[in-house]
Each structure stands twice: as structure tokens, then as C-alpha cells.
Number of protein chains: 2
Amino acid sequence: MLQTKIENGTRWLEKAGVRPTRQRVTLASLLIGDGQHRHVTAESLFEAAKGQGDAVSLATVYNTLRAFCEAGLLQEVTVDGSKSYFDTNTHDHPHFYWEDGGKLTDAPSEQLIIAGLPDAPEGAEIASVDVVIRLRRKAEAG
Amino acid sequence: MLQTKIENGTRWLEKAGVRPTRQRVTLASLLIGDGQHRHVTAESLFEAAKGQGDAVSLATVYNTLRAFCEAGLLQEVTVDGSKSYFDTNTHDHPHFYWEDGGKLTDAPSEQLIIAGLPDAPEGAEIASVDVVIRLRRKAEAG
DNA sequence: TTTCGAATTGAAAACCATTCGCAATTGCCC
DNA sequence: GGGCAATTGCGAATGGTTTTCAATTCGAAA
């Protein structure tokens, strides 16, 4: 991992008064090391850490994400008690839903452009917009 | 339960070629008996049936909701990939999801403009796009 | 370097919405 | 009314996420 990312991550933790352990710095670097906002699940962050060779146990990822939330570094988005996302910034998150098989996968967000949204009802504000793109297997063009 | 609701429910099923069993009529009546649109989860519908004394097993509620979807009577709305709601309004329209309470309601479709979408992966094509707008209670401006 | 509370770990357990297995029941057609 | 496939119901199983636990390791302050 790049030194600058580690430094960014470490600063981010120290600023929030979170003890910068090796695991936390690893995760922090993944989250904000390059200055981009991220939208992760515990699982995806766990895989990302493992993928770059800085393995961190899943339990630690959960502990750490919770600690970051408590420190105000992240925001948790709970989906009805069952699944959580952690955001450095909430934004639109598209998913592909494969009708053939019922699987759900992340979709790239770059090409999603929402040019207009209904107004939020009185007393509410829009937290995020979830877009599910339903896919069907293409009929092989004959 | 009112006779008219039962009749409405039965008609709704017959129109779609779904065999009107006692359990299905019970659920159908709860869903569209009064002509209003509904957004339910399997659990909430299960409770509603039990609450009026027409108990239906939870497994049957799931089976029935799926059968209704396949018959085109309902539309399934997935919130963030982890929870399913069923909407009696089968027209294509966006939804509001109230984080505070987990309720799902219809959103007006006129103001929703999607100007760009991710490309469908190889071998697949886009069947439809579901939009769920997550709402949170607005922090009352001082 | 020593020390102690905090952090980490892997495994197991808890959780939950949903589905499955299968025997019993029901609806529908003749 | 009889037959048969569809439907139902219960409980157990599933799949996936999150939490707990006890033991170990670590960080940082003295």
C-alpha cells in the first residue's frame, strides 16, 4: 500500500481520537486513502483488505467500522436491521438484479445519471437513492 | 371480513387465473379488498391476516405473494437488496422508503428523470429499473 | 522495558428473512 | 361423490450477516 494512503488514513484516525492500530490504519487507508468517497459493507472491506495482502479478521472489520461510526468518521446506513452499509458519503448506489437466478450484484455507478427526483415529502429529506436495474438474459439475436 | 372485500379479492384472483383458495382470498382481500394500493412485506401481511382471525401460515404468505407476482397482480420492490416489499400498484413508479419506521410508499413519477444507466453486462439486457428513494426525517432547521 | 487496558482473532453462536420437505388437505373437473 | 393435482402448513433448514467469546497480541505511557 502506498505510503501516502497510510499517512492519510493515520491522520484521519488521529484527528478523530481513534487509536491508529495496524488494522485500523489498513482499513482507514482503504476507505479514504485516495480522497475518494466509499460505500462499503463489512464484507467488501474485508475482501479489499485481504485482496491487498493486509488481512484483517472479519470480526475486526465489524468492530472497526462500528468504532469509526462512533467517532463520526463514517455513517451507517441500515437496511431494516439486516444489512448495513458504511459510507464516507451517501450517494446513489445502483445494483444489478439478475431475474434469472435472483442474484444481486453491484453495478458501476459512473454511468448512472439521475437528472430529476421527486421532492421529498414535508419534513423529510432524501438520504440516498437506490436504483435496482433488473436484468434478464438477452435473447440471443437470431 | 366484509363480503365485498372477499368478492373483490376473488375477482382479482380469477381475472389473473389464480386459483382462489381460502388463504389466497384472505390475502387478496387484505391487499386490494378496499381498492386502495398497499405496500406489504410477507411479515406484515402475515400479521394482518392473523390479526383479523384468518390465520395463514407464513410459508403460505410467501408462496402466495410469489404466485401473485408471477400472475402480474403484484410488483416486488427490493430495498437495498435485502428486503422485499410487494406493491399492489403494478405501474412503473418510484418509491419512498422511510428509514424511520421502514415504511414504503409510492412516489410521484413525473419528476423522476434518469438520464444515464450503466450498460447491462455481457449477455444480459435491462428489463426494468426500480428506484427507491430513501428518506430520513429532516433535522428541524433552527 | 514493563505494564495494563484496549484491540484483535477465529470459531462458534445468534439472528432473520426466506425456502424447503413432505404429509395432510383442498379445490376443481368429471 | 370421486380422483388427482395443486395448495397448505408446520417445523426444520438455509444462506448470509452480525455478534459474542475467551484467549492472545498490541500500543503507548511510565
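Two residues are in contact if their C-beta atoms, placed from the backbone, lie within 7 Å. With that idea in hand, let's tour this structure. It is a predicted model, in which local features need pLDDT of at least 70 and side-chain atom pairs count only at pLDDT 80 or more, while totals for chains, interfaces and linings use all residues. Residues are numbered from 1 along each chain as its sequence is written, and chains are lettered from A and ligands numbered from 1 in the order in which they are written. Helices (H or I, at least four residues) and strands (E, at least two) are DSSP runs, numbered from the N terminus.

**Two helices of chain A**

- Thr26(A), Leu27(A) and Leu30(A) in α2(A) meet Leu45(A), Ala48(A) and Ala49(A) in α3(A).
- Five of the residues in this contact are nonpolar, one is polar and none is charged; here Ala, Val, Leu, Ile, Met, Phe, Trp, Tyr, Cys and Pro count as nonpolar, Asp, Glu, Lys and Arg as charged, and the others, Gly among them, as polar.
- The axes of α2(A) and α3(A) lie 10 Å apart, and the helices pack at an angle of about 105 degrees.
- That angle makes α2(A) roughly perpendicular to α3(A) (65 to 115 degrees; under 35 counts as roughly parallel, over 145 as roughly antiparallel and the rest as oblique).
- Axes are lines fitted to C-alpha atoms, for helices over the stretch in contact, and angles run from 0 to 180 degrees between N-to-C directions.

**A buried helix in chain B**

- Nine of the 11 residues of α2(B) are buried, so this helix is largely enclosed by the rest of the structure.
- A residue is buried if 20 or more other C-beta atoms lie within 10 Å of its own, exposed if 12 or fewer, and partly exposed in between, with C-beta atoms placed from the backbone.
- Among the buried residues of α2(B) are Arg24(B), Val25(B), Leu27(B) and Ile32(B).
- The cover over them includes α1, β1, α3 and α4 of chain B.

**Where the chains meet**

- In chain A, 39 residues are in contact with 39 residues of chain B.
- β7(A) gives the most to chain A's side, with 14 residues.
- That side of chain A has 23 nonpolar, six polar and 10 charged residues.
- β7(A) and β7(B) run antiparallel and are joined by 13 bridges; two strands pair if DSSP finds at least two bridges between them.
- Across this pairing, Val129(A) stands opposite Ile133(B).

**The sheet**

- Six strands form an open sheet with mixed pairing, in the order β5(A)-β4(A)-β7(A)-β7(B)-β4(B)-β5(B).
- Its edge strands are β5(A) and β5(B), each pairing on one side only.
- β4(B) and β5(B) pair in the antiparallel sense over four bridges, and Tyr97(B) has Leu104(B) as its bridge partner.

**Around the DNA**

- DNA strand C is surrounded by 23 residues, and the closest are Thr21(A), Gln23(A), Ser57(A), Thr60(A) and Ala59(B); a residue is near a molecule or strand if its C-beta atom, placed from the backbone, lies within 6 Å of it.
- α4(A) provides the largest share of the surface near DNA strand C, four residues.
- That surface has seven nonpolar, 10 polar and six charged residues.
- DNA strand D is surrounded by 22 residues, the closest being Ser84(A), Thr21(B), Ser57(B), Ala59(B) and Thr60(B).
- For DNA strand D, the largest share, four residues, comes from α4(B).
- The surface near DNA strand D has seven nonpolar, nine polar and six charged residues.
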